[in-house]
Amino acid sequence: MTVGYVAYLVLALLVIMFLSAAIRILREYERGVVFTLGRFTGVKGPGLIILVPFIQQMVRVDLRVVVQDVPPQDVISRDNVSVKVNAVLYFRIVDAERAIIQVEDFMTATNQLAQTTLRSVLGKHELDEMLAERDRLNSDIQEILDQRTDAWGIKVSNVEIKHVDLNESMIRAIAKQAEAERLRRAKVINADGEQQAAAKLVEAGRMLSAEPQAMQLRYFEALHDIAGERSSTVVFPLPVDLLRQFLKQPGGEGG
């Protein structure tokens, strides 16, 4: 009887070991790449998967979006400025078969490709473009990576440049450039204002010259404004035309 119990116990253990080796459960976001005697036989999942122990092997693949940090890269821009740039990479596996068979380690391969692509693309642009046109550069890098990783069954959904680090001398140079730009704009705005004021003065002069009485009224109004300031001394230009009638003497035309 003891031998029979031992036999049943051994048989039960063998069945449990067989089932534990044969049954796999894959989550909704997982797929299993199955190999039979080393040859690819299909992609299974999600749910309950049954394998033949010691004959079939399965490699789990996660289909969720992977977020990878691209380490800081030394980049020399087209205008010969040295900067450090790092980025964030978003990708996911769309073909589990190619991700396992076509590349040894798709995570490392994608990260290394992102580093080289980041240096290559940014090196073709000037520093001002790196700072002001990040959206366009992100789109260019994402498109290049997506094309190159398509053979691995990987879809690169987004690339975001995080930081563009400059040295202190370059930061000071950019600050001086920005200050000079602000001064230039101020001078241009001032010159535009002077031009517009001159145009208005010319227009006003033409209107006043057409009516001499209007010029006299403007002088009187200016005198009234100065008198209201309680100044002891008033220097005011007086046109000769206004006093012409007083300068004329009787019979002066004949003299």
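Select helix α5, residues 134–149, where aspartate 140 and arginine 136 sit four residues apart, about one turn of the helix; helices here are DSSP runs of H or I of at least four residues, strands are E runs of at least two, and both are numbered from the N terminus. What you have open is a predicted model, in which local features need pLDDT of at least 70 and side-chain atom pairs count only at pLDDT 80 or more, while totals for chains, interfaces and linings use all residues. Residues are numbered from 1 along each chain as its sequence is written, and side-chain values use heavy atoms, with hydrogens and water left out.

Show the side chains of aspartate 140 and arginine 136, which meet in a salt bridge at 4.0 Å, N to O, the term standing for a side-chain nitrogen of Lys or Arg within 4 Å of a carboxyl oxygen of Asp or Glu. Aspartate 140 is partly exposed at 26% relative accessibility, and arginine 136 is likewise partly exposed at 36%; buried means under 20% relative accessible area, exposed over 50%, and partly exposed in between, with a 1.4 Å probe and protein chains only.

Next, select lysine 155 and aspartate 146, whose side chains form a salt bridge of 2.8 Å, N to O. Lysine 155 is partly exposed at 34%, whereas aspartate 146 is buried at 18%.

Strand β8, residues 154–165, is an edge strand, as is β6, residues 66–76, each pairing on one side only. Colour the open sheet of three strands, whose order is β6-β7-β8 with antiparallel pairing, where two strands pair if DSSP finds at least two bridges between them. Between β7, residues 82–93, and β8 there are ten bridges, and valine 88 stands opposite glutamate 160 in β8.

Now bring back α5, which packs on the sheet and touches β7 and β8, its direction making about 140° with that of β8. Contact means heavy atoms within 4.5 Å, and axes are lines fitted to C-alpha atoms, for helices over the stretch in contact, with angles running from 0 to 180 degrees between N-to-C directions.

Finally, move to helix α6, residues 168–210, where arginine 184 and glutamate 181 are three residues apart, about one helical turn. Their salt bridge brings the closest N and O atoms to 2.6 Å, with arginine 184 partly exposed at 46% and glutamate 181 partly exposed at 28%.
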